[in-house]
Amino acid sequence: MMRRALGMAERAARRGEVPVGAVVTRGQEIIARASNRRESAKDATAHAELLALRSACSRLAAWRLTGLTLYVTLEPCPMCAGALVNARVARVVFGAPDPKAGAAGSLFDIPRDRRLNHRLEVVSGVLAEECGEILRHFFRERRRRSEGT
């Protein structure tokens, strides 16, 4: 499923978005998928995780996503980690850690915070090198283009 999320990240990169992709599953069934759309939507909340959660809620006609797993190429930020808790997702699986903004173990650990009303399983480092490389390549190209102008 992380390869599916990587495919969504590649789509985001082709649109000029930060390449993050997410897939929501129930077992092996894909319920929803999304990629970052902050630039195109002009929306600070249009992160891949939130868009995938919204799509899953719509498809299932429920806000509780109990028993579902979200696969995402980059460690969720505090906003997305909070949404995972509030949606009652069972598990988040992410690829690359985010030492600057990660909220699933790096800077914060919102999904496993015992003070909250729901906790979820966190699996990190799945295809981490590939997930990190798509981000490094994107930002390397962005810097190269901005230096060339």
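Arg115 counts as exposed at 74% relative accessibility, where buried means under 20% relative accessible area, exposed over 50% and partly exposed in between (1.4 Å probe, protein chains only). Its salt-bridge partner is Asp113, with N and O 2.6 Å apart, and Asp113 is buried, with a relative accessible area of 18%. This is a predicted model, in which local features need pLDDT of at least 70 and side-chain atom pairs count only at pLDDT 80 or more, whereas totals for chains, interfaces and linings use all residues. Residues are numbered from 1 along each chain as its sequence is written, and side-chain values use heavy atoms, with hydrogens and water left out.

**Salt bridges**

- Side chains of opposite charge can pair when their charged atoms come close.
- The count comes to nine salt bridges, each defined as a side-chain nitrogen of Lys or Arg within 4 Å of a carboxyl oxygen of Asp or Glu.
- Glu141 and Arg144 form a salt bridge of 2.6 Å, N to O, and both lie in helix α5, three residues apart, or about one turn of the helix; Glu141 is partly exposed, with a relative accessible area of 21%.
- A network of salt bridges links Glu129, Glu133, Arg136 and Arg140.

**Packing of helices α1 and α5**

- The axes of helix α1 (residues 2-14) and helix α5 (residues 128-148) come within 10 Å and cross at roughly 5°; axes are lines fitted to C-alpha atoms, for helices over the stretch in contact, and angles run from 0 to 180 degrees between N-to-C directions.
- The two helices, α1 and α5, are therefore roughly parallel to each other, a term for angles under 35 degrees.
- Met2, Arg3, Leu6, Ala9, Glu10 and Ala13 of α1 make the contact with Glu130, Cys131, Ile134 and Phe138 of α5, contact meaning heavy atoms within 4.5 Å.
- Helices are DSSP runs (H or I) of at least four residues, numbered from the N terminus.

**Cysteines**

- The structure holds zero disulfides, a disulfide being a pair of cysteine sulfur atoms within 2.5 Å.
- The sulfur of Cys77 has its closest cysteine sulfur in Cys80, 3.7 Å away, which is too far for a bond.
- Cys77 counts as buried at 14% relative accessibility, and Cys80 is buried at a relative accessible area of 0%.

How values were computed: Angles under 35 degrees count as roughly parallel, over 145 as roughly antiparallel, 65 to 115 as roughly perpendicular and the rest as oblique.
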